[in-house]
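This report describes a protein chain from its overall build down to selected residues. Please keep the sequence and the model in view while reading.

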Amino acid sequence: MTKADIVEKIYEKVGFSKKESAELVELVFDILKATLEQGDKIKIAGFGNFVVKEKADRRGRNPQTGEEIVITARKVLTFKPSQVLKASINS
């Protein structure tokens, strides 16, 4: 499913114009993005949690040369589905 598909579903189900639906979807994604950039957690009841986690530096190996390298610290986004979503998918 793409962003355009989400806009289309909102247009069909809610009755907003396509332009209003697109603006609504963009606004929601902008809010989610800004919240995650600040390092805050997003919890959507019945859906799941989005969390930004810090990964420390670690040693790695170049698979072609076997040379050891340092993989720099970074942030990663994780998603953990809620029990409701898991049950819905598995039913």
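The sections below treat the basis of the model, the whole chain, and then single elements and residues.

## Basis of the model

The model is predicted; local features require pLDDT of at least 70 and side-chain atom pairs pLDDT 80 or more, while totals for chains, interfaces and linings use all residues. Numbering starts from 1 along each chain as its sequence is written, and side-chain values rest on heavy atoms, with hydrogens and water left out.

## Overall architecture

The chain contains 3 helices and 5 strands, arranged along the sequence as α-α-β-β-β-β-β-α. Helices (H or I, at least four residues) and strands (E, at least two) are DSSP runs, numbered from the N terminus.

The radius of gyration of the chain is 19 Å, whereas a compact globule of 91 residues would have a value near 12 Å. This radius is taken over C-alpha atoms, and the globule rule is 2.2 Å times the number of residues to the power 0.38. The C-alpha trace spans about 60 × 35 × 30 Å along its principal axes.

## Burial, surface and charge

Of the 91 residues, 12% count as buried. Buried means under 20% relative accessible area, exposed over 50%, and partly exposed in between (1.4 Å probe, protein chains only). The chain exposes about 7400 Å², of which carbon and sulfur atoms supply 56%; these areas come from the Shrake-Rupley method with a 1.4 Å probe, and for residues only the protein chains shown count as cover.

Contact means heavy atoms within 4.5 Å. Among contacts between residues at least 6 apart in sequence, 29% join residues at least 24 apart.

There are 17 positive and 13 negative side chains, and the centres of the two sets lie 8 Å apart. Lys and Arg count as positive and Asp and Glu as negative, with His and the chain ends not counted; each charge is placed at NZ of Lys, CZ of Arg, CG of Asp or CD of Glu.

## Serine 21 in helix α2

Helix α2 (residues 18-37) holds serine 21. Serine 21 counts as buried because its relative accessibility is 0%. Setting aside residues up to four places away in sequence, serine 21 touches Val7, Ile10, Tyr11 and Phe16.

## Isoleucine 44 in strand β1

Strand β1 (residues 42-44) includes isoleucine 44, which has a relative accessible area of 35% and is therefore partly exposed. Beyond its neighbours within four places in sequence, isoleucine 44 is in contact with Asn49 and Phe50. Isoleucine 44 and proline 81 are 37 residues apart in sequence, and their C-alpha atoms are 9.4 Å apart in space.

Strands β3 (residues 58-61) and β4 (residues 68-71) pair in the antiparallel sense over 4 bridges; two strands pair if DSSP finds at least two bridges between them. Arginine 59 stands opposite valine 70 in β4, and glycine 60 stands opposite isoleucine 69 in β4. The hairpin has 6 residues between its strands, and glycine 66 takes a positive phi near 80°.

Glycine 60, in strand β3, counts as buried because its relative accessibility is 15%. Residues up to four places away not counted, glycine 60 touches Glu67, Glu68, Ile69 and Ile71. The C-alpha atoms of glycine 60 and valine 70 are separated by 5.9 Å, the two residues being 10 apart along the chain.
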